[in-house]
Amino acid sequence: MASLRVTYASGKERRPSCNISMARKIIFLIFLPFILATEKTVYIKPKKTFATLYSTGVDAYNDQTWFLCASSLEDAIKDYTFYKDTVIDCRIQCKKSTTIREVTPEMVEFSVFERIIENSDCIRRCKRHKFGDRIYPDPRDRIFSTFQKRKPYEYLQFCWFQLDRLKDAASAAYTFYLVNPDHEDMISNIRYYKDKAGIHENDFLDLELRPYKEAYVRGLMSYNSDDWEGVKTNMEVAITEFYHEEERCRVECEAIYESAVPQEFVSAVADHYLSVLECQYNCERRLSRIFTDEMEDYVADHFHYLQFAYYKLKNDEKSMEAAATFLLFQPGDETMQKNKGFYLQKGYAEKDFQPREQAVVYLERKHQMERILDFSQTNYLKDTGDLVKPLEESGVKTTNEEEKHNTFWMKQYERIGLKIVSHGDQLKGEKRFAADGFLRKEQCLELISLVHKKKANKYGAKVVTITDAKEMLETEDLNNEVSLRFLLRISETTRHYIMKYYNLTRLFFKHTSIVCWGPEKGLDASSFDGCIPQESGSCVDELPSNIGDEEYIGVTYLSDIPADEGSNIYFMSPDKETESKVGIKCGRLVAFESSDHHGVSIPYSEQRCALVIRYTTDPTKDDQAYVETIKALHKMDRKYLLSDMNSKQLTLEDMKKSGISITKEGADMKGGERVMADGLAKDDECQTLTNLVLLANSDKVSYAAVELFVNLSERSRLFTEKYFNVTKPLYFDFTHLVCRSAIDDGNLDRSDLSHPVHADNCMLKTDGSCPKEFPAYIQRDYSAILYLNHEFEGGEFFFAHKNKSAQVNVHPKCGRLVSFNAGEFHGVKAVVKGTRCALALWFTTNPQFKELAHLQARKILATKRKEREEKNQKELSKTEL
């Protein structure tokens, strides 16, 4: 009889996949466990509301009256929970009690709004009955974001510590940390409680743990101990509680909405509804956070575990139901498809695989929300800019800065390494923030090189404007081209990031410069004569005023200055008192309004450099020097193309004559712009590049190997350009030479993927759509992979359908190239034995995104080539003598 496909890489039983992030968190349980059960107590409403109690607690903290501090904050947390639950309960109860009447089509509008009015009246009466004469803050008040960020626990842990309630203090610290994982002070406090105060791991409790999370993690623990009954019980509770929690999250989103401008009745209703819908759609993402990380495919994972648990408990019907439900969420999952095939071979029919009705309803609702939101993003015309305000996790209106910090876009940026490190409250300014990850060390040095020959001004600052950088192209050697392209690219990236953070529809460059302060001979504090150094390289006696609110400054640092050097940017109040500071490091972006008062601390032993950009929302103030610089680079690109006669004259037929053969195309590849060709590289060339990967971290990389790397890349680019008859020149966007080895050579029956199904220039959504929107690599037009070997198993490249199922496979071998439109869906299967090596390439028709590392490699090769020629010439001269 056939067996269920449940095989590990090791050959043991394969369990439903638990992603790396979650696996790390399971290990994390050893160090910081969570609360698994709490005794429920009856809540007795205090006379004061949570806002007043919180204020009392903070005052008591400042006065060092620890008992009053602790008791007030405990009551504040309880009352906030009571308020929040009451509002949600009222909305749910009233929504279910409001009647729906059948009416004629002409009366539908009246029926809809009659129901809304009845629902509103019900909610108001419900809250009045529950709250009595208690007056709670306006939902727009900042106090709500304070509780959402678990700020009361930050104070509470210290008050409990002072009262020698160390276990309680440890739990409060841990509860705060889970929502604020980058809070360095709290991380230190947790280490203290564990290492110095002797608090056992089991006593660190999440005081805000929700039932669905508790059940889910219990299920994981049962799974790890082969307790299949426990997996079944806990995962069933977890998914049931999740649906309950998700409903409450959606209802909580029905909060206050403020329009930026007065609106007509229909527009106001539509915009408010879209803001609610956006918040509701993000509920799944917000609830999928386990510990401090969001889990992908969180809802579907429940049914993966349930399918396996029911299989182990020999309950075929329930196992098939769980499998069908999982496939509802992940229709292209090969492992679950094989599990389904196992039951079909046992004699069950297709009709026996019926997904759970509640999951069907859940997914249909999600898809409907996606359709409406997709329409609103692409077709819905808003009156003045983007009036749909992203909501906080609870759906309650908070400050602009906190709203932006929690938007969908910030999460997308985090995936490519751009991460907020401080903002809002921490920097004492609503629109101030700092984010890391915009530049690497070598890129920072590349930009700093533009300043080397610049003389310092009277304050000791070297300033290179965009105009200066453009002139370097015309008057100096072309080595500055790479630096200038870096400058434009990082400027564009930070512009996008700042624009999304502030929820702006457009943002223009007003002034761009690189500024380096110190070290200058004779420069010390007296050099500034009482003025305040600015990031722009100036020094002001009086703080600026009367600057429009629609101007912003973005400072991207290029230097790493140790903390003990004291170099930072600091923000000031109008009376010049320091409010907050931010340390500097390569790749850190600090952004703020132009009207924010700031100063810079100057190091006297190291150079402090930054890319400083002033942005504006006024298109009339757009910097023409920036535009002219882009034009100059485009002109340079055209010059390169005209001089590259070999590329210009080479045809596809010429390439075929050189040994390249097209083996599959068009209908054979089951798609549009797809092609497979052989003969792009010879065996010895493949071996040279494979060796190059192995020697990449040593000093043994040869000139010939690097030259071959560049030449094979160029050969692949030319073939792609000629085959697809691209009307514009193709430029390298990114080139990647990599070898990937099997994790465990003992298992040849793996079905997981090395690269999940995706497209290279868009963001793949669950409904199969793939919109080209930032931060996807929307500039990419074509992609190619040149394989270097075949002595391995697995690792096949495949094109895919929109539902992520495989469409056509490509088996790698030396010299085989696969080229395709970057919008084609594709994936790569895991290497199950041996090592696969390949040269991956992405191309663009936009010269603005030309790969700078490729330019650098060509310049280095040209320099080395010249050095070798000069050396050979000298040797020849000696011989002649």
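A disulfide is a pair of cysteine sulfur atoms within 2.5 Å. In this predicted model, a search of the whole structure turns up eleven of them.

Take Cys531 and Cys539: a disulfide joins the two, with 1.9 Å from S to S. The angle about the S-S bond comes to 100°, which makes this link right-handed.

Another right-handed link is the one between Cys739 and Cys837, with 110° about the S-S bond. Here the S to S distance is 1.9 Å. Cys739 sits in strand β17 (residues 731-741) and Cys837 in strand β25 (residues 831-844), so this pair ties together parts that lie 98 residues apart in sequence.

Helix α3 (residues 66-97) holds Cys94 and helix α4 (residues 108-131) holds Cys122, so the pair ties together parts 28 residues apart in sequence. Cys94 is buried, at a relative accessible area of 1%, whereas Cys122 is partly exposed, at 25%.

Away from these bonds, helix α11 is worth a look. This helix covers residues 265-281, 17 residues in total, and reaches 24 Å from its first C-alpha to its last, close to the 24 Å expected at 1.5 Å a residue. The buried residues of α11 include Ser267, Asp271, Leu274 and Cys279.

Definitions and conventions: Residues numbered from 1 in each chain as written. Predicted model: local features only at pLDDT ≥ 70, side-chain atom pairs only at ≥ 80, totals over all residues. Heavy atoms only, no water. Helix = DSSP H or I, 4+ residues; strand = E, 2+ residues; numbered from the N terminus. Expected span 1.5 Å × (residues − 1). Buried < 20%, exposed > 50% of the residue type's maximum accessible area, 1.4 Å probe, protein only.
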